[in-house]
Amino acid sequence: MPPCRSSETLSNHENQSIIYREHSQRTLKGLARIAPSHIAEWHFRRLLSAGYWSLRILLWWFAEATIRALPEPEDKVVYVVGDGSKKDKRGKRNPVAQKGRTSQHKAYFFGIKFVLLMVSWDVYRIPVDFCIVLPKGHPSYRTENELFREMLTNFKPPGWARLVVVTADAAFASKANIGLITQMNRSDQTRGWAFVFAIARTWKMEDGKSLKNLAKYIPHENFKRTWIPRLTNENSRKTFWVFRKRARLRHLGDVTIVLSKKGCNMGPKKTKILVTNLVDLTARQVLFLYQRRWPIEVLFKELKSGLGLGEHQVTKHIDRIEKSIAISIIAYLTLIRARKGDIKPGQPWSIFQLKNNFTTDLICNQFQYTLQRKISRLMRAA
């Protein structure tokens, strides 16, 4: 009689098999294994290589349909967040893979860089557009800020939105980006446009004083302690020390500047500088608006870990690589629309939970359908 395995050994084996199945589903062969019998692997490959379907039109259509299916916020405010990310690669034949690093304090990477635009309100995070950042030697190379402005120009806010707040970190706080938002605020007659950006210390006020000196020479006594609730849990909160100042910056005009740090005794190097054109807001309100940038980091993790963004076997053609990324984003939008009942207002959620619920319901429905067909055949035969 073979020896009985312990429960710990069995659980470890099951966990390894679950991890293997989860990783194999991200490849085209893995998708073909879990797909219906009439869908083969070559169907997925043809979908990635076909040139007759428009990438942007399908992505915008899925995003618009997903936004319409979700409940509207009471304050009619929608937040637009832009940020860049990367996906590591090993093959050097990939035409868009490049070497670089996100900052001088981090290690180099080799992979694909892209910029993503996300719409957010309440606890919802909806990707609406993306662009791949080509290598600098490519003839069609454009910077992340240029791609961000292109996506922001093509973005159409929901019909219920009365205020659009664009937020991003200091990498996207350029004169051209802020100028575009100001221009859109003037030209749009149906809604207002505002921005909340983390800004670099090299910016100067109209009198020539640098923001670097503002953050360096303000006494600690001028900072006040405040807190803001977390997006998904009102009982939990984050504490900051803030200083608010009305100022007039070059190329921007009248703005509200907020200096924020997590501790009272932290130095100027660990002080974040926030700027907004909503001049009547308090420092606490500005912090709460800037907190809306964080869900895009969660979105990056869900797309890479949950839906295998950038892991498809696609090389040599830039349009095919774009479609492989777009398929992961479209799958994300499809899961949100199909399982919108699982997302409760004010409660945390993840794409992993929605994917498991969607897969379970799909298997149960298929089993019931097959069972009913067998029963009907037996009854006709009897």
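Buried means under 20% relative accessible area. That cut-off is used in the legends below, which describe a predicted model.

**Figure 1. Overview of the predicted protein.** The protein has 11 helices and 10 strands. Its length is 382 residues, and 42% of them count as buried. The accessible surface comes to about 22,200 Å². Carbon and sulfur atoms hold 53% of that surface. Among contacts with a separation of 6 or more, 65% join residues 24 or more positions apart.

**Figure 2. Leucine 307, in the loop between α9 and α10.** Helix α9 covers residues 295-306. Leucine 307 has a relative accessibility of 17%, so it counts as buried. Which residues does leucine 307 contact, leaving aside its neighbours within four places in sequence? They are Glu302, Ser328, Ala331, Tyr332, Leu335, Ile351 and Lys355. Isoleucine 329 is 22 residues from leucine 307 along the chain. The C-alpha atoms of these two residues are separated by 8.3 Å.

**Figure 3. The packing of helix α10 with helix α11.** Helix α10 spans residues 318-338, and helix α11 spans residues 351-381. Their axes lie 10 Å apart, at an angle of about 70°. The two helices are therefore roughly perpendicular to each other. The crossing of α10 past α11 is left-handed. From α10, the contact takes in Tyr332, Leu335, Ile336 and Ala338. From α11, it takes in Ile351, Leu354, Lys355 and Phe358. By class, the residues of this contact are 7 nonpolar, no polar and 1 charged.

**Figure 4. Lysine 76, in the loop between α4 and β1.** Helix α4 covers residues 55-69, and strand β1 covers residues 77-88. Lysine 76 is not a glycine, yet its phi is positive, at about 60°. Is lysine 76 buried or partly exposed? Its relative accessibility is 27%, so lysine 76 counts as partly exposed.

**Figure 5. Aspartate 122, in the loop between β3 and β4.** Strand β3 covers residues 109-121, and strand β4 covers residues 124-133. Aspartate 122 has a phi near 50°. This is a positive value in a residue other than glycine. With a relative accessible area of 29%, aspartate 122 is partly exposed.

Note on methods
Residues are numbered from 1 along each chain as its sequence is written. This is a predicted model: local features need pLDDT of at least 70, side-chain atom pairs count only at pLDDT 80 or more; totals for chains, interfaces and linings use all residues. Side-chain values use heavy atoms; hydrogens and water are left out. Axes are lines fitted to C-alpha atoms, for helices over the stretch in contact, and angles run from 0 to 180 degrees between N-to-C directions. Helices (H or I, at least four residues) and strands (E, at least two) are DSSP runs, numbered from the N terminus. Angles under 35 degrees count as roughly parallel, over 145 as roughly antiparallel, 65 to 115 as roughly perpendicular and the rest as oblique. A crossing is left-handed if the near helix is turned anticlockwise from the far one by less than a right angle, and right-handed if clockwise. Contact means heavy atoms within 4.5 Å. Ala, Val, Leu, Ile, Met, Phe, Trp, Tyr, Cys and Pro count as nonpolar, Asp, Glu, Lys and Arg as charged, and the others, Gly among them, as polar. Buried means under 20% relative accessible area, exposed over 50%, partly exposed in between (1.4 Å probe, protein chains only). Accessible areas come from the Shrake-Rupley method with a 1.4 Å probe; for residues, only the protein chains shown count as cover.
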